[in-house]
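The sequence and the model come first, and the description follows.

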Amino acid sequence: ARQIVFRDKQNISDGDIQRASKIPINRIYDLKGRKVISCPFHDDRNPSCSVTDNLFCCFSCDAKGNTIHFVMKLREIKLLSTSVIPISRVKLTFLT
């Protein structure tokens with residue numbers, strides 16, 4: 001699997017954030033070839049989370065956003081502002 005590692009939040013540019021937000025979610029999370037999955041953010045017995053390219057929306061818990069929002073929610077990361085990630089290291093693993 002390929003990896004992108006951001007070692008220092010000071011080195012993350014707006015361009016890095018833009019590019020990461022456009023990565024298809026199925027490259028970082030196994031969707032098993034489906035477009036609607038059980039939402040990973042709540043106890044979801046019936047698939048309610050729609051995933052299209054780099055966007056997701058859960059019709060049950062109202063979680064939605066792009067690839068960055070998906071990873072942040074999975075790893076419980078919060079942003080201090082729209083341009084910095086307040087952690088020293090974020091590691092995204094891409095499925096191949």
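## Terms and basis

A polar contact is a pair of N or O atoms within 3.5 Å; within protein, one atom must be able to donate a hydrogen and the other to accept it, and residues adjacent in sequence count only if both atoms are side-chain atoms. Helices (H or I, at least four residues) and strands (E, at least two) are DSSP runs, numbered from the N terminus.

This is a predicted model, in which local features need pLDDT of at least 70 and side-chain atom pairs count only at pLDDT 80 or more, while totals for chains, interfaces and linings use all residues. Residues are numbered from 1 along each chain as its sequence is written, and side-chain values use heavy atoms, with hydrogens and water left out.

## Overall layout

The protein has two helices and six strands, arranged along the sequence in the pattern β-α-β-β-β-β-α-β. Of its 96 residues, 34% are buried, where buried means under 20% relative accessible area, exposed over 50%, and partly exposed in between (1.4 Å probe, protein chains only).

The accessible surface is about 6400 Å², and carbon and sulfur atoms account for 49% of that area; the method is Shrake-Rupley with a 1.4 Å probe, and for residues only the protein chains shown count as cover. Contact means heavy atoms within 4.5 Å. Among contacts between residues at least 6 apart in sequence, 52% join residues at least 24 apart.

## Helix α2

Helix α2 covers residues 67-75, and its buried residues are Thr-67, Ile-68, Phe-70, Val-71 and Met-72. At its start, a side-chain oxygen of Asn-66 lies within 2.9 Å of the backbone nitrogen of Ile-68. After the helix comes Glu-76, which has a positive phi, near 55°.

## The two cores

A nonpolar core is a set of buried Ala, Val, Leu, Ile, Met, Phe, Trp, Tyr and Cys residues joined through side-chain atoms within 4.5 Å. The largest one has 11 residues, among them Ile-37, Phe-41, Cys-49, Phe-56 and Phe-70. A second, separate core has six residues, including Ile-17, Ala-20, Ile-68 and Ile-77.

Within the largest core, Phe-41 sits in the loop between β2 (36-37) and β3. Leaving aside neighbours within four places in sequence, Phe-41 contacts Phe-56, Ala-63, Phe-70, Lys-73 and Leu-74. Phe-41 and Phe-70 are 29 residues apart in sequence, and their C-alpha atoms are 9.5 Å apart.

## Ala-20 and helix α1

Ala-20 belongs to helix α1 (residues 14-21). Its relative accessible area is 11%, so Ala-20 counts as buried. Not counting residues up to four places away in sequence, Ala-20 touches Thr-67 and Ile-68. The C-alpha atoms of Ala-20 and Asn-66 are separated by 9.2 Å, although the two residues are 46 apart along the chain.

## Cysteines

A disulfide is a pair of cysteine sulfur atoms within 2.5 Å, and by this rule the count is zero. For Cys-49, the nearest cysteine sulfur is that of Cys-39, 4.7 Å away. Cys-49 is buried, with a relative accessible area of 0%.

Cys-57 is partly exposed, at 22% relative accessibility.
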